Amino acid sequence: MWPISQLDTNQYLPVLYLMATATALAVASYFIARFIILRLAVKLLFHSGRNHGKAYSPREIRIVRRLAKIAPILVYFLFSKSAPMLEPRAITAIQAICGILFVVNIAIVVSDLLDAISEKHFIAKHRSIKGYIQIAKLVVAGVAIILIIATLSNKSPIIILSSLGAVAAILMLVFQHTLISLVANIQVSSSSVIQIDDWIEIPQLDISGEVIDIALHTITIRNWDNTVSRVPTKNFITESYTNWQPMFASGGRRIKRSFFVDQSSIAFANPTLLDTCEPLLPISPGLRAEFDAITHLSDISKTIRQGITNLSLFRKHVVTYLQGRSDINQSLYLVVRQLPPTANGLPIEIYCFTRSTQWTEYEEAQASIFEYIFAVAPYFDLVIFQNPSGKDIHALSALPRRPTVGQ
């Protein structure tokens with residue numbers, strides 16, 4: 001290193017003056033760009049149609065600051081162009097640093113703008129394009145890395161891209177999960193099979209809840225117990241799941257539940273049965289016709305030939321009861337049907353739809369219907385089957401014992 005006494009101070013004074021001038025211009029350009037020019041531009045872009053007194057959002061402030069930093073970079077770049085007294089290596093170093101900082105700032109600004117577009121699209125259409133935004137960010141990051149390498153190596157970006165072809169297989173191996181997630185995200189988003197706020201159920205993973213985020217690699221679900229699950233996006237292409245959202249949009253929620261009737265309690269209807277249930281139950285015109293037919297049949301053989309049983313009257317009465325409920329959607333299917341007999345009795349299935357799709361109202365309507373069915377069945381001399389309980393066994397043990405022969 002040269003001694004200080006040997007330095008020609010007159011040679012470095014112009015350089016120092018230029019550096020001081022460039023620094024002052026850089027600071028001035030930063031504040032001018034941040035507080036005047038860019039604020040007007042952001043107000044035109046982001047605050048169009050909004051209240052002018054509303055404060056800037058954190059993202060808008062970040063974009064303004066990042067863009068304002070580009071002005072000093074350009075000042076130093078122009079300084080290196082207009083300073084012939086600098087050494088070529090110093091000029092090259094300053095221009096390389098300015099180029100790298102310029103690329104990094106532009107890449108960050110583009111990423112913030114992509115996030116703003118994603119939020120605006122979600123608010124406007126209530127659909128997430130976060131997966132596409134993440135792919136765009138990866139592309140922006142890749143382009144920025146290539147430009148930085150080209151700046152440092154002083155080569156054309158096309159040459160850098162052509163050299164990447166040799167490692168394409170390695171890149172595909174490294175990013176295979178990203179590519180699979182990209183394809184799955186495109187299929188999920190383009191077909192609109194899953195959207196934000198959809199209720200998703202995946203029994204094999206014990207997941208049931210609301211979709212709160214659709215990203216490139218994962219879909220986030222808030223379960224009914226407020227836990228959060230993240231499922232790989234590709235699982236929604238390769239595995240089965242249930243989306244309850246079409247049910248909410250259909251205007252009806254299905255009730256499909258059966259109960260068992262003791263088959264030994266099924267018998268032909270008779271006038272005594274009519275006298276028991278007719279004063280207590282609402283009777284439809286169709287049911288009234290059968291009641292009148294039984295009333296005028298004096299011989300039980302005629303009743304048998306008509307094939308009118310207490311179970312058939314009970315089923316028709318349940319249909320009439322469901323048709324009279326205001327919480328049942330009458331425009332959709334309403335059926336009370338028999339299923340194949342089992343060892344536990346004859347299954348009777350209730351198939352209908354409630355008007356409300358809300359879970360609490362649906363459960364209340366379903367419980368009310370079956371409570372009524374269980375209570376009204378004895379009026380038709382029908383027994384609802386259930387396995388013997390401890391009470392039944394205790395009642396049998398309390399019966400008097402029959403004496404054995406020889407006592």
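Good morning. I begin with helix α15, which lies across strands β6 and β8 and runs at about 25° to β6. Please bear in mind that this model is predicted.

Let us turn to the strands themselves. In what order do the three strands of the open sheet stand? The order is β6-β8-β7, and the pairing is antiparallel. Because β6 and β7, the latter spanning residues 335–338, each have a single partner strand, they stand at the edges, and one side of each has no neighbour in the sheet. On average, neighbouring strands here are turned by 20° against each other, direction ignored. Between β6 and β8 there are nine bridges.

I now come to the nonpolar interior. In soluble globular proteins, nonpolar side chains tend to be buried together. In this model, the largest nonpolar core has 29 residues, and those touching the most other members are Phe-259, Phe-314, Leu-322 and Ile-350. At least two residues each come from β6 (253–261), α11 (271–277), α14 (310–323), β8 (346–354) and α15 (359–376). Which of these elements gives the most to the core? That is α14, with six residues.

Leaving aside residues up to four places away in sequence, Phe-259 touches, among others, Phe-314, Ile-348, Ile-350, Phe-370 and Ile-384. Apart from this core lies another, of 12 residues, including Ile-194, Ile-207, Ile-219 and Phe-236.

Thank you for your attention.

Key. Residues numbered from 1 in each chain as written. Predicted model: local features only at pLDDT ≥ 70, side-chain atom pairs only at ≥ 80, totals over all residues. Heavy atoms only, no water. Core = buried A, V, L, I, M, F, W, Y, C linked by side-chain atoms within 4.5 Å. Buried < 20%, exposed > 50% of the residue type's maximum accessible area, 1.4 Å probe, protein only. Helix = DSSP H or I, 4+ residues; strand = E, 2+ residues; numbered from the N terminus. Contact = heavy atoms within 4.5 Å. Pairing = 2+ DSSP bridges. Axes fitted to C-alpha atoms, helices over the stretch in contact; angles between N-to-C directions.
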